[in-house]
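The following exercises ask the reader to work from helix packing to the core and then to the pockets. Each task is followed by a solution in steps.

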Amino acid sequence: MPNFARRTLLACGLSLVALAGASHAQTMPPVIKLVVPYPPGGSADTLARLIAQPLQEQLKTTVVVDNRPGAGGRIAASQLKRSPADGSVILIAPNALTTIQSLVYAGQLDYKVMDDFIPLSRLASFPMGLAVPATSKFKTAPELVAAMKGSKDANYGTSGAGGLAHFAGLEFGKTTGIEWTHIAFKGGAPLVTDLIGGHLPVAIDALVDQIEHQRGGKIRVLGIFSDKRYSLAPDIPTLAEQGIKMAPVEGWFGAFMPAKTPAAVVNQIDQAMAKAIANPEVKEKLNKLVLQTAYLNSADFTRLQAAELQQWAPVVRDSGFKPD
């Protein structure tokens with residue numbers, strides 16, 4: 001049976017394990033590592049550190065955060081494949097890594113998300129935002145679209161080539177009929193600096209990285225790539241309500257385990273993740289970062305991950321983008 005089929009059967013059977021009572025509390029490893037594929041200080045790192053203590057209390061074992069940056073997160077993902085399948089190693093990763101980079105670097109990686117990993121739990125989510133400088137004359141997304149059509153200066157910036165924002169911009173252009181050029185910046189800081197300074201007409205980025213500049217009156221987020229308003233920033237309209245009908249583009253953070261981890265272990269840690277992310281203190285601190293708790297159990301998360309890979313595969317392929 002193909003690994004993906006096994007993953008699907010495993011995920012769908014987890015709830016049956018719980019309901020049947022076939023799984024008693026498992027003995028957890030003495031230390032569980034929450035591997036963050038980026039340096040300390042970012043959203044993934046903050047999320048991992050917030051859930052570490054509640055997980056430790058739930059699982060009755062030591063839980064530590066292990067930062068393993070490099071190659072946009074692909075080094076840590078590769079290491080997960082070779083980690084012990086006993087619950088001792090959990091990767092905390094965004095879909096920018098498990099979905100987009102899996103497609104961009106297809107054929108160059110030594111792992112496949114749906115074959116080599118078990119999507120354990122989705123933990124938090126956030127929308128992508130379409131922003132212009134505060135000094136821009138555009139107040140709505142349709143105004144921007146009307147001006148960009150046929151313009152020789154039509155372009156948009158993101159924090160890097162081959163990311164979720166890059167392909168969201170391509171889909172936005174395709175949906176609205178804009179032929180615009182992608183400008184890749186080396187990170188979010190130079191991107192927002194050029195946007196605030198008026199050197200860049202449009203930027204697409206995670207709302208979590210735009211919101212403080214929006215609230216400070218330095219940029220204007222014209223809309224989010226969603227079909228409903230974001231509860232943590234309800235004053236920002238969606239692109240859909242402005243007449244721009246495209247598939248939602250949502251960023252999220254999830255937990256992944258090695259493929260051969262026993263179902264009983266996956267089920268127990270998944271349940272602990274659900275309780276950790278529901279912790280009021282964790283939720284409050286994430287909300288302050290404009291990250292929304294968005295737990296999905298392993299079965300539902302597995303289906304979401306598979307669907308996202310299917311959704312973005314033709315977008316990445318048709319773009320013709322090749323990483324350096």
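**Exercise 1.** Determine which elements the buried residues of α3 pack against.

*Solution.* The buried residues of α3 pack against β1 (31-36), β3 (89-94), α4, β4 and β9 (250-258). Helices (H or I, at least four residues) and strands (E, at least two) are DSSP runs numbered from the N terminus. Contact means heavy atoms within 4.5 Å. The next step is to list the residues concerned: in helix α3 (residues 74-81), Arg74, Ala76, Ala77, Ser78 and Leu80 are buried. Buried means under 20% relative accessible area, exposed over 50%, and partly exposed in between (1.4 Å probe, protein chains only).

The model is predicted: local features need pLDDT of at least 70, side-chain atom pairs count only at pLDDT 80 or more, and totals for chains, interfaces and linings use all residues. Residues are numbered from 1 along each chain as its sequence is written, and side-chain values use heavy atoms, with hydrogens and water left out.

**Exercise 2.** Characterise the surroundings of Gln101 and of Leu103.

*Solution.* Begin with Gln101, which is found in helix α4. Gln101 is buried, because its relative accessible area is 11%. Its side chain makes a polar contact of 2.4 Å with the side chain of Arg74. A polar contact is a pair of N or O atoms within 3.5 Å; within protein, one must be able to donate a hydrogen and the other to accept it, and residues adjacent in sequence count only if both atoms are side-chain atoms. Neighbours within four places in sequence aside, Gln101 is in contact with Ala71, Gly72, Arg74, Ala96, Ala106 and Leu109.

Not counting residues up to four places away in sequence, Leu103 touches Leu309, Trp312, Ala313 and Val316.

**Exercise 3.** Name the residues that touch the most other members of the largest nonpolar core.

*Solution.* A nonpolar core is a set of buried Ala, Val, Leu, Ile, Met, Phe, Trp, Tyr and Cys residues joined through side-chain atoms within 4.5 Å. The largest has 98 residues, and Ile51, Leu130 and Met273 touch the most other members. Strand β4 (residues 117-133) gives the largest share of this core, 9 residues. As for Met273, its contacts beyond four places in sequence include Leu34, Ile51, Leu55 and Ala255.

**Exercise 4.** Describe the lining of the largest pocket and of the second largest pocket.

*Solution.* On a 1 Å grid over the protein atoms alone, a pocket is an open set of points where a 1.4 Å probe fits, with protein on both sides within 12 Å along at least five of seven lines; lining residues have an atom within 4 Å of a point.

1. The largest pocket holds about 1200 Å³ of space. Of its 44 lining residues, Tyr38, Ala96, Gln101, Ser159 and Gly163 are the closest to its centre.
2. The largest share of this lining, 4 residues, comes from α4.
3. The lining of the largest pocket divides into 23 nonpolar, 15 polar and 6 charged residues.
4. The second largest pocket has a volume of about 300 Å³. Among its 15 lining residues, Ser226, Asp227, Lys228, Glu250 and Gln292 are the closest to its centre.
5. The lining of the second largest pocket divides into 7 nonpolar, 3 polar and 5 charged residues.

Here Ala, Val, Leu, Ile, Met, Phe, Trp, Tyr, Cys and Pro count as nonpolar, Asp, Glu, Lys and Arg as charged, and the others, Gly among them, as polar. Grid points are joined across faces, edges and corners, and a volume is the space filled by probe spheres set on the points.
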